[in-house]
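Try each task before you read its solution.

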Amino acid sequence: MSPLPEPRYPSVPELVAHAAALAAREPGLCALRQVGVSRAGRPLHLLSVGHARRAVLVVAGAHANEPTGGSTLRVLAERVSGEPELRAGTSWHFLLCADPDGASLHVTPAPRSLLDYHLGFYRPTGAEQPEWSPSVLPPDRLPPETRTLTGVIDELRPYLQVTLHGTDLGGSWVQLTKDVPGLAEPFAKSAAELRIPVETGASDAAGWPASGPGVHVMPGPESGAAYPSMPDDARHSTWYHAHRYGGLTAVVEVPMWASDLVDDPAPHPAPAAALRRLAARLLRDAREVERILAEALPRLEGVDGPLLRAAQWALELIPGLAEDWTHTAPAGSTMAYVGSVDAFGRRLPLRAASMLLRVLREADDRAAPRLERLVAAWCDAFAQRFRARWVPLEHQVEHQSRTVLVAARQARERVA
């Protein structure tokens, strides 16, 4: 990959400082308050713009490794505060970062390549992710970040919750807990204008109905999970908490690097065979990381922490996921869907290897150079296979912002 202009993703303290400045500049319109604390004692902040009873809640930072949402939130807050028509009958509320502990551990705010991105990679276990923890933990064991998020939903009763997510490499797509008619066309138009591919067959939404290309509506809880082995079932996440107040959630995904291989809607000629090959590669890659981990573990006695825990958790997911792929090819599988699974299969062991590499480097372990070569090779292969091209940060933010504003307008009409 050629050298790239350096993007700039704001840190959580920078987001808080910006929100505080906005509240100070518009004291009658905007308010910033602390609504909770993380497990490590970091504050969770909510910025509110406007006073209308009907509310939109925008959440950034639910996944530590998806930095675009913070930039989008900052732009949206400025737009909403400066454009009265966006506040007509609606108040806007911005949870600046749902997981500040995770954000402090993902340390690549300005990646120039996939390798840069992965050398500072962190994504916590499912039980430690604010939105996903209800799908894997009983209610009395939920982390404080999750309780804060659901508490904010209980207070605001938003007709729409938007959670800002992203992917390292691929395309843009939207996941909805209820359909929002009229969203698909402007979403696709925005993506086309900004040269962002629409991920028409996102593996995250395998088998879900679509209201338009890249706009997926989550099936009800009575439907079977696409990948039964995966513990983080979206239907048991905090995304459904808004339903108790008649609201819905939109998850807006945008890529850092784009690939035009994830938007081909043509039927795949042999999806079952392709998925079996991808499952075999997934297992093979995981074994390479597991061998290095097994060799290094005796030398890491006494070493513990979120990076090692998350690396081991990611590796534990892989055998079940490979089994799912071996026996399940959704009806009508497209080239885009198989491409999305291909990317997912490269991503999961690469993430485990990257987090383990950080642990080994910190311990000055002799296995670190070997693992670093593996991470570098996998990043290069990932970028080459998908012909990765950088999406300018301003385009990531503009597309995500446009999608949020359209979703808010269309969802309001839905519940009016």
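**Exercise 1: the cavity**

Strand 2 gives the most to the lining of the largest cavity, with three residues. Keep in mind that this is a predicted model.

Task: find out which residues line the largest cavity, and sort them by type.

Step 1. Start with the count: there is one cavity of 30 Å³ or more, and the space in the largest cavity is about 30 Å³.

Step 2. List the lining: Val12, Val16, Pro43, Leu44, His45, Leu96, Cys97 and Pro100.

Step 3. Sort by type. You get seven nonpolar residues, one polar and no charged. Cys and Pro go with the nonpolar group here, because both count as nonpolar.

**Exercise 2: the pocket**

Task: describe the second largest pocket and say which element gives the largest share of its lining.

Step 1. Note the volume, which is about 460 Å³.

Step 2. Look at the middle. The pocket has 28 lining residues, and the closest to its centre are Pro10, Ser11, Val12, Ala103 and Ser104.

Step 3. Check the elements. Helix 1, strand 2, helix 2 (68-82) and helix 3 (100-105) each supply at least two lining residues. Helix 1 has the largest share, with four residues.

Step 4. Sort the lining of this pocket: 16 nonpolar, nine polar and three charged.

Note on methods:
Residues are numbered from 1 along each chain as its sequence is written. This is a predicted model: local features need pLDDT of at least 70, side-chain atom pairs count only at pLDDT 80 or more; totals for chains, interfaces and linings use all residues. Side-chain values use heavy atoms; hydrogens and water are left out. On a 1 Å grid over the protein atoms alone, a cavity is a set of points where a 1.4 Å probe fits but cannot get out, and a pocket is an open set with protein on both sides within 12 Å along at least five of seven lines; lining residues have an atom within 4 Å of a point. Grid points are joined across faces, edges and corners, and a volume is the space filled by probe spheres set on the points.
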